[in-house]
Amino acid sequence: MSLSRMLENWSDLNKQDYYEDEPIMWGMSIDLNKCTGCGSCVTACYAENNIPTVGKEKCGSGHSMHWLRIERYWDEPEGEADLDIKESEYPERGAHFAPMMCQQCNHAPCEPVCPVAATYHTPDGLNAQVYNRCIGSRYCGTNCPYKVRYFNFFDFQEDIPHPLEMLLNPDLTVRSKGVMEKCTFCVQRLRSAKDAAADEGVRGHVADGAVQTACQQSCPTEAIVFGNLKDDKSKVSESWQSHNVELDRHEQFNEDERGYRIFEELNVEPSVMYLDRVRNTEA
Amino acid sequence: MRRVKTSWALNFGKLLFLLALGFVLPLGAWADDVSNQEQPFDFPHARHAGKFKINCMYCHSGARRSKVAGIPPVAKCIGCHSNIPSVRETPRIKKLFTYWENKEPIPWRKVHDLPDFVEFNHKRHVQRFIFKDGRSTQQTCGMCHGDVKTFSVGRKVKPLTMGWCLSCHEQFQGDSDIGLPTPAKRWMIPAAATDKPLVEMKHPQPAVMDAEHPATMKASEIKKMSNQLPKALKEKFVRAPHDCWQCHK
Amino acid sequence: MSDYSMKNDIEWAKINEDVLASLESPRKAFWVVLGVCFALVLAGAAAEIYQYNNGLGVALMNNPHYWQTYISNFVFWIGMSHSGTLLSAILLLTHADWRKPIYRFAEAMTFFSILTAAIFPIIHIGRVWDMYWILPYPDQRAIWPNFRSPLLWDAFAITTYATSSALFLYIGMIPDLAICRDKAKGWRKKLYTTLSLGWMGRATEWIAFRRTYVLLACFLVPLAVSVHSIVASDFAMSIMPGWHVTSFPPYFVAGALYSGCAAIITLFVLLRYVFKFEAYMTTEIMDKTARLTFAIAMAWNFLNLSEYASIWYSHDMFEHEMLIDKFTGPYAGVVWSMLFCATVVPFAMAFKKVRHNMWAMFWVSLFIQLGMWLERFQIVSPPLASNHEPWTQSVVWPGLIQLTITAASFGWFTMLFLIFCKVFPSVSMYEVKEMVYHRNKHGQKKLQNIDKIKDDMIKTEEGLS
Amino acid sequence: MSQNNSNNEWSRRAFIKAMGLTGAGGALVLSGCGDTDIINAVDIEVRKELVLPSVDPADFVRPGLEVYYASTCRQCPANCDIHVRTREGRALKIEGNPTSSINSGRLCAMGQAGLQAHYNPDRITKPMIRKGGKLVEVTWAEAETMLKKHLGKKNSKLAWLTGATSGHQAVITKAYLDAAGSKNQFVFDTLPPAVGFAANEKMFGHAVPKLDFEKAKLIVSFGADFLGTWMSPVHFGTQYGKFRNAPRGTLVQIEPKMTLTGSNADRWIAIRPGTEGHLALALASLLATDSKYAGNISADVAASLKDVDIDGVSKATDVSIERIHKLRDMLVSHSPSLILSGNSAEGFEHGSQAANAILLLNMMLGNVGETILPRSKPAFPDLQPQLGGWAEMKAFIDGLADGSFDTAVVYGSNPLYQAPNFMEAEKAFAKAKVRIAFSMYPDETTMASDLVLPVHSYLEEWNTSMPAYPVEDGHLSIQQPVMHPVFGEGSTYGYGNIMLGLVSELDATFKNWESYEAYVLDALATMKPALLNPPKETVTGQTPEEGFQQGILAAGFVTIKEAKASAIAAKAVAVDLPKAAKEDAKYAYHLVPSARMGLYDGRHANLPWLQELPDQLASVVWDSWVEIHPKTATKLGLIIGDVVSITSAAGSLNAKVVVFPGIHEGSVSIPLGQGHTEYGRYAKGVGVNPFKILTPQFDKDTGELATHATKVSVVKVANRGKLVTRAHGDLVLESAATSQKGREIVRTVSSEEFDRNEKEG
């Protein structure tokens, strides 16, 4: 923004909801009743987003780059029904899987702290990460409560053995050392969907289902639903509505419903809703 | 005493000069190279686009369909040139046919080379300016590529820097434009004011199949098209995206 | 006016001699220490080059340990820089004239610690070559940095602070540089001639000098407080448990003064010993400094404990767990050593015997500095280790690269300081003379002479206005 | 890689853009190479980059626009239908084919990683011949001469081992062997449950009956890891998704080591390995007290169920009596249900009997015809999938060992890696006079061969195949090349093409086809009348043949018309289970070699994406490990990362411990897939191979190797080594890897509440 532009629109900069009029607000819903923790989404994400594999050594030193990881826990959170397994020495209710990727917070802690504004909020509700602007201060990473930002601690893609480099997706940048990266909700797909819609003459409206994220596309059980939260008819916003989850809340008051957002009490307004894992207590 | 003061001033001056030099020298290194690139052979844009008025998109057919305008496949050159015996024996055409016969691609050098983290979508710009606004092809392409019909070999004449891109994108983005359709005035209305076909067809034109080509599209149709848009979207219709992730991802 | 045990009969010429003696050709030991420091710097440079070429991963930082000793070193050195300002500016404004023999090296220390601190963001950052993007300047991209980011404030704060403390150091040194100029030969003559800006000691010059100096001091005091508050906001503005603490700015400022005072004590003892400045850096002054340090230590401890208390009574799940992990988790050793060094050890300064024993104070100050370094480390690392997301909680200790660069920063600082000591007078000659004058005033010696000068000054001032 | 589509052969090929998929693609730059350079530090740079235009591209191939090709995934025998996204002549992403009945647009991690199998840097690019004990690269001409010398003749002592095969690949292999006069065709694939197939065949008359998960209200799975590796994981995954919709089905998993499926069960029951059949029998006997259930099986079988000692079973299985009764009650109250028998129940000497006992439950509960559905008789039996098993592998090795075969040919299988030590496969293989490997990678078997022929990846060659678990009968998947061979024309060849060449040497009728492509397309064209809804011409001016061809290639599969399946004639078989095995003092622990979604049976160990995909439950990457129950670990004084020696009667190996709650106390588990001694940079020397220490025990009815019957001893040999658990580091706060620490990351509700909510919603 040029200086004159910025001065002209100074009031706009402080507007509460700068993107109120935008037609699109991407959101997701992940049904932990259906998620099996199989990991298709993880590999699909690697394939779609040019994520490097780093090898055993660097996995061990905590340098793996999986934008989407599946967390596996063995215990219930506090205050949950213990579902009748306390007496057993086995995890008889199975494991707890949580696919964890960037939650595209609407009050994102990562955004205000970036000194060069390499991460910012897009009009369609994403936390953008502009690689070529990033200087690698890693402030966003430390400030992310989900720890889903991944820093290129090495030049992982410097010499990919031929011909493995041929599978790199030309739609997005291959990141070099010193920049932060993270889940983008497959922004290259969103971009082309929006472009396709614009070609049809409808700017800003993408029909529900016209675009899928790579993880959603691969999920065998259809646990992941993705779409436009501002479109009342979209699957994802129906899911949010039916589970009484509202975006601008830090507490949902929906005791009977399954929908919740991880760490929403931090008031970061994540765009990803999770649905409770379900177990048959009778079994 | 006086001497001492001069010495200080001099030193300070030297320092300033060095600092300034430090800023200027790298700028020199970044300065744009607009010189001609060494190409396999010189393609005469002046003849094709200038003299024969061949539509840019006849050869660069990707421009309206894809992010990438594309260099025409060798087959496309041959398609015409096998029927133009008059120039068949010129050195350039001979070279062209050598490539064709060997089934080799022509190793053109890229002239408009954006950094790899920049994505410029030709299709959106072409759709917007040529098909929706009805500007002429050469004028539209020329916004970024210069007056190609006067060139022989293509060369880079616009800076193609981020600020340069933004100079347009800012002009047509903001909320301040909403309600006062300046861009619409500026870009749409002149085209829409006339109900004539928008492209003069003095010379035979290659057949462009697209129904919404300006040659076949009238102002009334453009108006009709824009009227079909929902109101909320119509206001944004003319908005240029102003979002880093539009071009960097 | 108290006496500070300083002899009343020090001749002004003797002061000049004593101080200028410190600028004379260094002894062998000087070269050895300088060599060691330089070797450390070289090792650090090698480590940095290795890290630059291979990526920050070689320093063993990872996800979630995006930040580690580079940031804690940065905070440490910035903190260190606060003492100089404190001694010079605050004590100047409060007319505590015992500062006079010790403020010069404290100010130098300030400046060099800022220089040291400023290196760390460069080492820390992923793409150094693009670091200038942090500064707002018009460019072809037509974009600005993010004014909401505390790191940007840091950039402003540090550059401002570095500039003004350098100015403060320099301006305060001008009369002394003139003295040096008059005595020096060879390249020193040229240097001092250039730097002393033609100082002749005229009354008008003194008036302008005093005004500038006090003005700068007024400017520096709030600046120093804001600089460390801004550094504190790097943490306090985040939402990490253990960082998101409202009391961080005063806590950081107190911590900064604390570690800075300790550093002053260390250098005090060393300079006094090496340059035989016993006549100027008296035990009385040490006593004052130690009392000040003790007071700051208590303030820091209070803020530290109140931070724990506010976390404990917040009933925030994340904060609680972080605090428990701090004291019982893998970094507990660091936290407990910090508490020992920075909370227990300073109580030694409650005893006069300790305060008056130079070498005891030396060791106490070293302990405090170690404690304060550990404090910076335990601010950065344990909260990252016990962050919100249990799946990513892990422990990382700084690797060889980080430790080498940390050591190099000490080498770098010492190197600069050593060179400073040999090039510039590390004790302010004219201010010490003033002290002597003040005391001599009671002894009624040379009084008239001085009064005459004073009259002249007043007259000239009137003439000017 | 240029987008040089100049090759005439190439441009003539009928590559058809998959219909129904759109999506604007785009390249950053014009270059046909795509542009994948590392991002640049300098803002404005002037690089003299080449732009290579196509010479004469197909009209749908445009720079910057993506083209999807329909093909078939060959990463496991499930053969999902895929769409491959290509741009500028490069395959970029594999996605599920949304119209497929198998995977309906979905694809698992292994399928996604097919790209890395295709672009693997360790692929063999030139034929190799053993000269002076070493494999040296030779020209194709030389290799062809040698190939013709050995295979261009009749030879009854020729033995041919392939991995799971089907479709025209199976047909042409068989055609060649028939022409060469050899009957020694063997098929070996590690994981398809051969014992279960045999039991199904015996009881239901179909080796792979159709299973209806959606209809089932309760699934009780005895070790069938249908979400991970069992038959068709993606299909069962889609089914599972629907099964979990309201009203929500209940899943009970009974197995010694928690599999991916087990981790999703409503109740996971740890059972002593080898006693699954006993538990099933106990349940059957409890059910048999009700004539409603006893009536579903023949009287003599029902009578044999009377004398089952529930107490004894409870002791033998380590499943409490209350639990057994509860299970019985659930089976009674949830109808229809579905009882599955999987690898960990079947991998014993009495495996077939255990499978029989488990399937008997289905019969008694009346699930047959409800959730277990019949198959039609295949119209083209030659195209049917051949999944093989350990018995065939053993026959192959035994034949080589005793000299009944002199020429060994291996394609798509890696016997030297998978064969346990006791089979002495290396020795037997070395005995053959000539060893020929058709192979993509330098795996163990390939590196022990005399002639190595580099073959195309499945993204480069023509083929047809049938899925191991067809959802609709007669599903024939078509595989087409989606790009030029990665290493250039003439570096690798399709297996089919080489086989066509070989068979036409011996059988002149095959000379009609100039290439395998022509053969496959011709075969499909002749099948047209036998197809359900064959595609018609879509574009004016097309001949019906062209339209048909375009149609089938765009669809990616065809469905063969088959006679309607008759009802299942289920036949109960009396179960004869041995008494529970007695304790063995020397080898006190059961070894569970567990397959996981990812490395599968070891064939995917050279794919970095899968190596780096953390194990779903243990979260280990790039390594092998031993899972030990916390109690057992305490008993043995082990903590995570300790190195233990696992010794069976057949061998020993060292691996690091992962203390893992989801395993029976008396068992230890080692994942399959690692421990390659060859197989390229990503696999070689990583981890250990549990196949090697399996002991010689075989299923009594089918002769399959009893993979789960090995008993081992566990001895600590070293303290904590470097084990990369969880993908992001091995330096873990004590409890962090397992506990949510009270934070609401995964919340759980009961299924009652779920059903109530869903109904309201």
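Analyst: Helices (H or I, at least four residues) and strands (E, at least two) are DSSP runs, numbered from the N terminus. This is a predicted model, with local features needing pLDDT of at least 70 and side-chain atom pairs 80 or more, while totals for chains, interfaces and linings use all residues. Residues count from 1 along each chain as written, with chains lettered from A and ligands numbered from 1 in written order.

User: What is omega for the bond that joins Ser335(D) and Pro336(D)?
Analyst: In chain D, Pro336(D) belongs to the loop between helix H12 (321-333) and strand S13 (337-341). The peptide bond joining Ser335(D) to Pro336(D) is cis, and its omega is about 0°.

User: Is Ala117(A) buried or exposed?
Analyst: Ala117(A) lies in the chain A loop between helix H5 (110-113) and strand S4 (119-121), and its phi is positive, near 60°, although the residue is not glycine. A residue is buried if 20 or more other C-beta atoms, placed from the backbone, lie within 10 Å of its own, exposed if 12 or fewer, and partly exposed in between. Because Ala117(A) has 21 other C-beta atoms within 10 Å, it is buried.

User: What is the phi of Leu197(C)?
Analyst: Leu197(C) is found in the loop between helix H7 (186-195) and helix H8 (203-236) of chain C. With 15 other C-beta atoms within 10 Å, Leu197(C) is partly exposed. Although Leu197(C) is not a glycine, its phi is positive, at about 50°.
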